[in-house]
Amino acid sequence: KTITFEEPADYMYGTAEATRSNPNAAFTFTHKMSELSFTVTDASSTNSSSARTWTRADGDDAGSTTTPSTITLHDVVIGGTFDTSNGTVTAGSTKGDLTINFTPGSKVSFILPPQTFLNGFAVSVNYNGKTYGGTISLDKTIEGNDIQYGLTINKDNQQQALTVSSQTITGWTAVNKGNQDLEEKEAENVLEIGDFLLNDG
């Protein structure tokens with residue numbers, strides 16, 4: 001069966017083998033989607049190094065400090081299909097923006113179908129009522145991998161800027177759902193020439 005999705009979810013796939021002598025099937029599931037993770041820090045409250053500087057995406061008007069802090073990925077593929085027979089995820093053509101709230105210093109993650117980017121993808125951060133943005137240079141996301149970035153908000157010389165650290169790629173940990181007991185089934189009777197079928201079966 002093929003599942004068509006318009007918004008990403010963490011699809012997993014696992015197989016197991018059971019025999020008559022060993023009927024307990026231990027399924028090990030792996031992530032079939034990809035993950036992009038970000039940790040945002042404020043340079044005014046911690047020391048952080050940077051690899052690339054981004055400029056503000058908006059004007060310098062001040063906003064409310066009670067505005068939720070968010071990260072948005074822009075124009076990324078969010079739809080696709082998941083083939084439950086073999087665990088294959090295929091990115092579709094549906095694109096959109098994904099937004100998630102964050103707390104400075106804590107990692108947050110986006111789930112995406114594995115996909116390629118022609119010129120990276122745009123990201124924006126809303127923090128203390130101000131918006132920062134730029135483009136991350138990434139050629140593709142990878143099935144089962146978590147690609148991690150650190151983002152730092154800088155306020156040097158009254159200039160608002162955002163920096164991104166080098167990416168780190170890790171694999172998700174396989175999830176073992178334990179043993180699934182399978183009952184032995186009687187083989188179906190197949191009649192052949194010469195066989196007799198009795199009234200009681």
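**Entry 1**

I started with K107, which counts as partly exposed at 46% relative accessibility. The scale I used calls a residue buried under 20% relative accessible area, exposed over 50%, and partly exposed in between, with a 1.4 Å probe and protein chains only. I noted that this is a predicted model, in which local features need pLDDT of at least 70 and side-chain atom pairs count only at pLDDT 80 or more, while totals for chains, interfaces and linings use all residues. I also noted that residues are numbered from 1 along each chain as its sequence is written, and that side-chain values use heavy atoms, with hydrogens and water left out.

Which residue forms a salt bridge with K107? I found D146, with the closest N and O atoms 2.8 Å apart. A salt bridge here is a side-chain nitrogen of Lys or Arg within 4 Å of a carboxyl oxygen of Asp or Glu. K107 belongs to strand β10 and D146 to strand β13, and 39 residues separate them, so I wrote the pair down as a link between distant parts of the chain. Strands are DSSP runs (E, at least two residues), helices are runs of H or I with at least four, and both are numbered from the N terminus.

**Entry 2**

I counted two salt bridges in the structure. In the other one, E143 pairs with K32, and again the closest N and O atoms are 2.8 Å apart. E143 sits in the loop between β12 and β13, and K32 in the loop between β3 (24-31) and β4, so this pair ties together parts that are 111 residues apart in sequence. I looked up the accessibility of each partner. E143 is partly exposed at 38%, whereas K32 is buried at 11%.

**Entry 1: the whole chain**

How many helices and strands does the protein chain have? I found zero helices and 16 strands. The chain has 201 residues, and 35% of them count as buried. I then checked contacts, meaning heavy atoms within 4.5 Å. Of the contacts between residues at least 6 apart in sequence, 69% join residues at least 24 apart. The chain exposes about 12,400 Å², and carbon and sulfur atoms supply 46% of that area. Areas come from the Shrake-Rupley method with a 1.4 Å probe; for residues, only the protein chains shown count as cover.

**Entry 2: the cores**

I looked for nonpolar cores, which are sets of buried Ala, Val, Leu, Ile, Met, Phe, Trp, Tyr and Cys residues joined through side-chain atoms within 4.5 Å. The largest has 24 residues, and L36, F38, I71, L73, V76, F121 and L138 have the most contacts inside it. At least two residues of this core come from each of β4 (34-42), β6, β10 (107-112), β11 (121-127), β12 (130-136) and β13 (145-154). Another core lies apart from it, with seven residues, among them F5, Y11, F82 and W172.

I followed up β4. Seven of its nine residues are buried, so β4 is largely enclosed by the rest of the structure. β4 pairs with β10 in the antiparallel sense over six bridges; two strands pair if DSSP finds at least two bridges between them. In this pairing F38 stands opposite V108 in β10. Beyond its neighbours within four places in sequence, I71 has contacts that include F38, L98, V108 and F110.

L98 lies in strand β9 (residues 95-101). Is L98 buried or exposed? I recorded it as buried, because its relative accessible area is 18%. P8 is 90 residues from L98 in sequence, and their C-alpha atoms are 9.7 Å apart.

T70 is in strand β6 (residues 70-77) and is buried at 15%. Its contacts, again leaving aside neighbours within four places, include T99, F102 and V125.

**Entry 3: a three-stranded sheet**

Last, I traced an open sheet in the order β1-β7-β8, with antiparallel pairing. β1 (2-5) and β8 (88-91) stand at the edges with a single partner strand each, so one side of each has no neighbour in the sheet. The twist averages 15 degrees from one strand to the next, using axes that are lines fitted to C-alpha atoms (for helices, over the stretch in contact) and angles from 0 to 180 degrees between N-to-C directions. β1 and β7 (residues 80-83) run antiparallel and are joined by four bridges. Across this pairing I found T4 opposite T81 in β7.
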